[in-house]
Amino acid sequence: MPRGEKVYRRLPGREAGFLSYSRLWLGPDHLLLARTAFFSEEYKRFYFRDIQAIVTRRTEHREILNLIFAFITIVFGVLAVFTDSGWRAFLLVMTGIFVFALIVNWLRGPTCVCHVRTAVQTEELSPLKRFRATHKLIERLKPNIEKAQGPLAPELLRPKPAVVVAAALSEPAAQPASHASQPSANDLLP
Amino acid sequence: MSVVTCTKCGFVLSEAMFNQADWSHCPSCSSPLRVEVFPALFSAPAPAQPAQLLVSEGEASCFYHPNKKAVLPCETCGRFLCALCDVELNGQHLCPACLASGQRKGKLSNLDNRRVLYDSLALTLALTPLTVVLWPFSLITAPAALFIAIRYWRAPGSLVQRTKTRLILAMFLAVAQMVGWGIGFWAIFNS
């Protein structure tokens with residue numbers, strides 16, 4: 001690799017915690033999840049040839065956060081209206097801050113949780129919290145994955161009989177760590 | 001074939017939900033889902049290549065398994081390897097010993113799962129005493145920051161950020177603080 005050439009390209013999404021953050025990076029043949037905490041960095045690689053599926057689930061965090069911001073805005077706004085002392089300026093500033101936060105949260109779009117699935121694991125891509133960023137990421141990954149795996153034949157997406165799915169269930173399948181329950185084959189059979 | 005499950009309830013999702021332009025709903029928990037699947041989901045895992053036994057006297061044998069036929073040499077140490085011992089990584093064929101050694105020494109960046117960010121450590125040590133309250137600590141932290149910056153100048157840093165800006169800044173700040181202390185002591189002893 002020539003000196004100075006960038007191996008990884010930054011992808012959208014970022015998760016910030018207490019003295020830590022996670023980011024996603026696009027490598028030459030893999031997606032890299034880098035978690036930085038204090039003075040160390042941990043990596044997880046998802047090779048394009050191994051990625052089986054990317055599952056995005058919409059959550060209601062944006063609506064919940066908007067409700068919280070709206071409630072606080074109303075409280076500060078009402079207090080600012082009924083206060084005559086020097087506190088009024090402070091309360092108005094606080095109202096403004098929460099209105100701004102409300103607008104920003106609303107403009108950033110729907111929230112989601114994104115999981116990447118390989119043959120041996122299902123891992124949450126924690127930096128992806130907004131659907132817009134997730135969509136951008138999937139669109140950037142698709143050509144790389146298709147280059148590594150080839151195009152997806154349309155006939156593979158045709159629904160299969162329940163018996164085939166039940167047989168597939170009997171094989172060990174990767175599961176998210178937090179979900180121990182797996183529907184039985186009987187649930188799928190008519 | 002593998003199956004894709006809902007990430008909330010674990011219910012097995014049907015093919016009708018795959019690669020849809022709009023949100024689908026999990027039949028079990030009604031969570032809105034978008035499932036992008038790729039050919040690897042439908043392909044069976046490639047069977048492992050079995051190591052072949054030696055059939056004639058003149059054949060090269062594996063370094064680790066003398067009764068198994070060698071198929072290629074390790075690209076690092078040159079030892080002959082059977083199909084069982086051959087580990088392919090980034091198009092390179094390595095033996096298990098070279099793989100372990102490469103991982104230990106940090107030569108195989110694709111196997112690195114964790115790295116210490118010495119540049120961030122040095123910069124934090126150099127910056128922290130610049131606050132009003134903690135400035136006396138710079139007597140200790142400035143040399144420590146300088147030591148770390150020099151000692152780990154060539155150590156592999158973050159996989160994703162390759163510049164030495166933090167180390168240079170840490171060295172500059174540390175030297176400046178040490179010079180400041182030097183001038184301070186010189187002024188005290190001369191007065």
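In strand E2 of chain A, A:Ser20 is the bridge partner of A:Gly17; helices (H or I, at least four residues) and strands (E, at least two) are DSSP runs numbered from the N terminus. The model is predicted: local features need pLDDT of at least 70, side-chain atom pairs count only at pLDDT 80 or more, and totals for chains, interfaces and linings use all residues. Residues are numbered from 1 along each chain as its sequence is written, while chains are lettered from A and ligands numbered from 1 in the order in which they are written.

**The sheet**

- E1(A) and E2(A) are joined by 6 bridges in the antiparallel sense; two strands count as paired if DSSP finds at least two bridges between them.
- These strands belong to an open sheet of 5 strands, in the order E1(A)-E2(A)-E3(A)-E4(A)-E7(B), with antiparallel pairing.
- E1 (9-17) of chain A and E7 (114-116) of chain B stand at the edges with a single partner strand each, so one side of each has no neighbour in the sheet.
- Neighbouring strands are turned by 20° against each other on average, direction ignored.
- H3(A) packs on the sheet, touching E1, E2 and E3 of chain A, and its direction makes about 145° with that of E1(A). Axes are lines fitted to C-alpha atoms, for helices over the stretch in contact, and angles run from 0 to 180 degrees between N-to-C directions.

**The nonpolar cores**

- The largest nonpolar core has 40 residues, and those touching the most other members include A:Leu24, A:Ile51 and B:Phe38. Such a core is a set of buried Ala, Val, Leu, Ile, Met, Phe, Trp, Tyr and Cys residues joined through C-beta atoms within 7 Å.
- The largest share of this core, 5 residues, comes from H3(A).
- B:Phe38 touches A:Ile51, A:Gln52, A:Ala53, A:Ile145, A:Gln149 and A:Leu152, not counting residues up to four places away in sequence. Contact requires C-beta atoms, placed from the backbone, within 7 Å.

**Helix H3 of chain B**

- The buried residues of H3(B) are B:Ser138, B:Thr141, B:Ala142, B:Ala145, B:Leu146, B:Ile148 and B:Ala149. They cover an arc of only 165° around the axis, which puts them on the same side of H3(B); the arc is that of the directions from the helix axis to the C-beta atoms.
- The face turned away from the buried side carries the exposed residues B:Ile140 and B:Arg151. A residue is buried if 20 or more other C-beta atoms, placed from the backbone, lie within 10 Å of its own, exposed if 12 or fewer, and partly exposed in between.
- The buried residues of H3(B) pack against H2 (118-127) and H4 (165-190) of chain B.

Key. Two residues are in contact if their C-beta atoms, placed from the backbone, lie within 7 Å.
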